[in-house]
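Biologist: I'd like to go through this model with you. Can you put it up, and then we'll start with charges and rings?

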Amino acid sequence: MKCANCGAELKVGCIYCSVCGKEAQIVSDYNLLEDDFLRDMLKEREDKIRDEAAREAHKREALNTAHTKQTEAARTKQEQAGKSGKQKRRIKKRLVFAVVAIILLMVLIVVTVLMVNHSRDNSFDYQMEQARSCLEDKDYRKAQNFTAHALELDEDSLEAKLLLADIYVLRGEEQKAAEILEQVCKKHPDNQEAYQKLIDIYAKQKDYQAILRLSEEVVDEDVLELFSEYLPDMPEFDMEEGVYTQEFSVGISVEEGSRIYYTVDGTDPRQGQEYQEPILIGPGQNVEIRAIARNSYELYSDEITGQFVVELQKPGKPGVSPSGGSFYEAQDIVVTVPEGCRVYYTWDSTTPTESSAQYTKPIAMPEGNNILSLIVVDKYGMSSDVFRCNYIYIPPA
């Protein structure tokens, strides 16, 4: 079978010419049977071609639909990608802003902390507050550091010095505390708190001589009262010093618990004898008594000194009755003898002595004109002036 258009041989079953592409024209030189068969074949082939064309169209349509969907999906994806990119850019910007804000906040916090720390480091009140807080927590090392820093800020602070002394005591460093308190006492001689703390440290160390030395520098009466427990009172004489006309005994007293040492030759009473009983001052003696007290802390008091003198005076004239005159009747002469004394007399106008007659009872008046001479001798042997009485006795005839 040949193509009616170009004459090319047609392949069996082909309805289009493979050379010119035209639809094959069936030449009607076949018989009817062949022609029916051919038509059936051609119809079958046309149906098949239509089916294939429909399938191809359906495929193309499906492909087009798929392509459209892919295109739309790609467009959607692209749009979504665009949106996502914008969103990411916005998120990135926000993140950048957030990071910058965080950094600025951190810088602000750091600056604030530095400023606060600097302010605290230069605040005397803050350092003292922290020191007391650490002291309450018994963290004495930190308390000491804070107090030392406070003193760097205010080297003249009495409050900080006293607190630092307390901390040293709590840490068992009494000597360092004592050095600080000694400086405070010198600079503030009326500060009772500093003196009391220093006294307590010396007492704990049993350095009572240091307490005594410290007391010798005190001029404030209120501060001096703080030493009363440790310093013995000065002893006292029970008589005032001075000149006496008869012998006497001087007593010395002091507070209970203290001992008294004294001398009567002008030497240091610390090397003297211990007082036991009153000291006798005899006739003609001129005695300087120096006395001092020592308490249970082995501390000596201030010294007391007294000058005691016994200067004996001549006894006075005796009382005589009658003391002289003219008499015509016998009379007895009565002499009043001072207590503790003796009376001696003579009738020959001589001066009586202790070898002369001693008056013991009334004397009978002798006849005539006579002079009675009398003296008084006291217990120390001192004689009075001579007392003379003239008696004229003329008995009756």
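Modeller: A charge sits over a ring if NZ of Lys or CZ of Arg is within 6 Å of the ring centre and within 35 degrees of the ring normal. The model is predicted, so local features need pLDDT of at least 70, side-chain atom pairs count only at pLDDT 80 or more, and totals for chains, interfaces and linings use all residues. Residues are numbered from 1 along each chain as its sequence is written, and side-chain values use heavy atoms, with hydrogens and water left out.

Biologist: Which ring does the charged end of Arg-270 sit over?

Modeller: The ring of Tyr-300. The distance to the ring centre is 4.9 Å.

Biologist: How many aromatic pairs are there in the whole structure?

Modeller: Ten. Rings of Phe, Tyr and Trp (its six-membered ring) pair if their centres lie within 6.5 Å; planes under 30 degrees apart are stacked, over 60 edge-to-face, and the rest tilted.

Biologist: Why is the pair of Tyr-244 and Phe-248 called tilted?

Modeller: Because their planes are at 45°. The ring centres are 4.2 Å apart.

Biologist: Is Phe-248 buried or exposed?

Modeller: Buried, with a relative accessible area of 10%. Buried means under 20%, exposed over 50%, and partly exposed in between (1.4 Å probe, protein chains only). Tyr-244 is partly exposed, at 24%.

Biologist: Which aromatic cluster are they in?

Modeller: One formed by Phe-237, Tyr-244, Phe-248 and Phe-308.

Biologist: And Phe-327 with Tyr-391, how far apart are the ring centres?

Modeller: 6.2 Å, with the planes at 35°, so that pair is tilted. Phe-327 is in strand S11 (residues 325-327) and Tyr-391 in strand S17 (residues 387-393), so the pair ties together parts 64 residues apart in sequence. Both residues are buried. Helices (H or I, at least four residues) and strands (E, at least two) are DSSP runs, numbered from the N terminus.

Biologist: How many helices and strands in the protein chain?

Modeller: Eight helices and 17 strands. Of its 397 residues, 30% count as buried.

Biologist: Now helix H6. What span does it reach?

Modeller: H6 (residues 192-204) has 13 residues and reaches 18 Å from its first C-alpha to its last. That is close to the 18 Å expected at 1.5 Å a residue; the expected span is 1.5 Å times one less than the number of residues.

Biologist: What covers its buried residues?

Modeller: The cover includes helices H4 (158-170), H5 (174-187), H7 (208-216) and H8 (221-224). Among the buried residues of H6 are Tyr-195, Leu-198, Ile-199 and Tyr-202.

Biologist: What happens at the start of H6?

Modeller: A side-chain oxygen of Asn-191 comes within 3.3 Å of the backbone nitrogen of Glu-193. Just after H6, Lys-206 has a positive phi of about 60°.

Biologist: On to Ser-215. Where is Ser-215 found?

Modeller: In helix H7. Ser-215 counts as buried, at 8% relative accessibility. Its side chain reaches the backbone oxygen of Leu-212 at 2.6 Å.

Biologist: What does Ser-215 touch?

Modeller: Leu-224, Phe-227 and Leu-231, not counting residues up to four places away in sequence. Contact means heavy atoms within 4.5 Å.

Biologist: Last one, Thr-353. Which loop is that in?

Modeller: The loop between strand S13 (342-346) and strand S14 (357-358). Thr-353 is partly exposed, at 40% relative accessibility. Neighbours within four places aside, Thr-353 is in contact with Tyr-344 and Ile-375.

Key:
A polar contact is a pair of N or O atoms within 3.5 Å; within protein, one must be able to donate a hydrogen and the other to accept it, and residues adjacent in sequence count only if both atoms are side-chain atoms.
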